[in-house]
Amino acid sequence: MLCSLEKIWKYFNGEPLLRDINFTINEGERIGLVGRNGCGKTTLLSIITGNLGYDPSPENDGRMSFSGNCRIGYLEQGVGLSTECSVSEEMRKPFAELDREHERIAELEDALSGKLSDSEREKAESEYSRISTHFENNEGYLIDVKIKTVLNGMGFSGLDLSRSVNSLSGGERTRLSLAKLLLESPSLLILDEPTNHLDLDTMTWLEDYLLDYKGAILVVSHNRYFLDRVCTRICEIEDGKLKSYSGNYSFYVKQKREDNLHQEKLYEAEQEKIKELQFFIDKNRVSATSAKAAKSKQHMLDRIVDNAVEKPKMYEKSAKIKLEYDIEPPKEVFSAENIDVSVGGKTLLESFSLNMRRGDKVGIIGKNGTGKTTILKTVQGINSHSKGRINWAQNVKLAYYDQKNEYLNPNNTVIEEIHRRYPRMTDYEVRSVLGSVLLTGENVFKEVGVISGGEKTKLSFALMSLKRGNFLILDEPTNHLDISTKEVLEDALKEYTGTILFVSHDRYLLNKIADRIIEIRDGKAYEYKGNYDDYLKARELEKEEAEKVAVPSPTPAEKKQYRTKSQRAEDVRKKQELADLEKSIANLEKEIADTEELICTPEVASDYQKMTELCQSLDDRKNELSELMDRWIEIQE
């Protein structure tokens, strides 16, 4: 057990947000925390990390405890880096203790090579043994390798590590903050929406990295693919209470539906029993002969009501999004022919072409910074192009969702944002539209600049539904939405009969909506028929074909040459060398392990000369092993 919460409550404005939370995190667990926006997920994370206190329960105080080896690392929905430091300085901070040990090891080696008294030498040798053993056991010599591996995986390949953190974009800082946290390797890794700002390649790398992570993971995420791949337990917060489900997200959805159906049957059966008892009581209460039986039934009814089965909350979708249009465009709605895609004077794609017919749903994917959003802006004329042609058919009415919500006025209230665009609408009509996306009550009088990202997205889709466009252009439409609202939006887009061009990293959305995938890769656009799963299959086939091309089949002449006696003899010699190498590698690995074990013994630790000899021998063996491994790889290739 790493962490345990018992009877935890949290109130806001006198109302309980979290009620009677009982939650345990065990070593090695990977837990996904889900629930609607505002249900208390981030609040629970803040309580666990100690950034927020909890309140006494109605009966008694709650309790939170941690094991002695529990070290928490927390990635919040923000950036926790020092903007004054370089990237390199930030990435080395998790290894500050090991760096100090490395410096101390060098100091002790210098001291031991000089003149010391017997007592001073004994003390220095003991310290040297202790520190060097700890340094090696914690892979101190692999710090640079670890940093490079994580930075490459998080999309920072080729980054100048001397760059100031302040020079990075907000998305880059968030990724760098996550990279730093992964390098810290806490025993309990807590992540709040870690896949925001990640492209598909980086997301996949992170999932693979977390699958091999040795510590426990607690993650809040609306990314269902991520939850399916990484998590072994899903915990849901609903109505302030936490319920745990074994398995990944898909199993949770299935199990929750089954639990709700079971509870619904119990509830209906109990309600039927209550009706029967109430009917008997009402009929026999005044009768002298059966009043005693009625009283007994009343006691039975009271017991049932006091312990009544709660009415189940069936798996319902929260918001209501309906996307319709009035004018039907021609069959050929849009074409771009050999246009250049540029931003800030930098050309991202030399040539981009795309044809779309009425009803097409095309998803654009690719790494961050490859020009996906710029394509959407260029085809609309927001960004200019210097060559090629863009043609829009008559009667095409565009509706554009911008992921940054740049077209919302942050100084308007939510209700004003619609009134200013549609002044003829009444307050009742505006509030009805906002209510359909769950923007209700006092929230409609908040300024757009202060509402959450999810609320801005809902407002944007309310405006989009009012615009009634027959061609939707969407830039990361599911960012900031909770899972239930994502599913509502997916259903709305699936039912929409118009044309859609969209950019997304949401693999569920790409699978459900797209009938074509455009991947932006290495400055070019590659087109694939079908949804995201079809794209993955096509890419796999491409890689297989590329491998075949990389290793071409031998020509008849080459085959004949290979069948010569000298070729066969060379083949036999290489196989024998491989066998000898593998035997030597195994022996060296055993020698290295035995030497490392010997170095850790008290007898050697107290003998500086013996320690020095063994360390030198260990380095020689490791160098020899490296050379053998290089030769083994060379022959294999």
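1. Charges over rings. In this predicted model, R175 lies over the face of F156, 4.5 Å from the ring centre. A second case involves K297 and F280. Here the charged end of K297 sits over the ring of F280, at 5.5 Å from its centre.

2. Aromatic pairs. The structure holds 14 of them. One is formed by F334 and W392, with 4.5 Å centre to centre and 40 degrees between the planes, and this pair is tilted. F334 belongs to strand 10 (residues 332–343) and W392 to strand 13 (residues 389–392). The two residues are 58 residues apart, so the pair links distant parts of the chain.

3. Burial of that pair. F334 counts as buried because its relative accessibility is 4%, and buried means under 20%. W392 counts as partly exposed, at 29% relative accessibility.

4. A stacked pair. The ring centres of Y401 and F461 are 5.1 Å apart. Their planes stand at 20 degrees, so the pair counts as stacked; the cut-off for stacking is under 30 degrees. This pair, too, links distant parts of the chain: Y401 is in strand 14 (residues 398–401), F461 in helix 14 (residues 453–467), and 60 residues separate them. Are these residues buried or exposed? Y401 is buried, with a relative accessible area of 1%. F461 is buried as well, at 2% relative accessibility.

5. Six strands make up an open sheet, in the order 5-6-7-3-8-9, and the pairing is mixed. Strand 5 (72–75) and strand 9 (241–246) stand at the edges. Each has a single partner strand, so one side of each lacks a neighbour in the sheet. On average, neighbouring strands of this sheet are turned by 15 degrees against each other, direction ignored.

6. Strands 8 and 9. How do strand 8 and strand 9 pair, in what sense and over how many bridges? Strand 8 (residues 233–238) pairs with strand 9 in the antiparallel sense, over six bridges. Within this pairing, I234 stands opposite Y245 in strand 9.

7. Helix 9 on the sheet. Helix 9 (residues 249–284) packs on the sheet. The helix touches strand 3 (30–34), strand 8 and strand 9. Its direction makes about 115 degrees with that of strand 9.

8. A tyrosine cluster. Which residues do ring pairs link into a cluster? They are Y245, Y249 and Y252. Y245 is the strand 9 residue opposite I234.

Terms used. Residues numbered from 1 in each chain as written. Predicted model: local features only at pLDDT ≥ 70, side-chain atom pairs only at ≥ 80, totals over all residues. Heavy atoms only, no water. Pairing = 2+ DSSP bridges. Helix = DSSP H or I, 4+ residues; strand = E, 2+ residues; numbered from the N terminus. Axes fitted to C-alpha atoms, helices over the stretch in contact; angles between N-to-C directions. Contact = heavy atoms within 4.5 Å. Phe/Tyr/Trp six-rings, centres within 6.5 Å; stacked < 30°, edge-to-face > 60°. Buried < 20%, exposed > 50% of the residue type's maximum accessible area, 1.4 Å probe, protein only. Lys NZ or Arg CZ within 6 Å of the ring centre and 35° of its normal.
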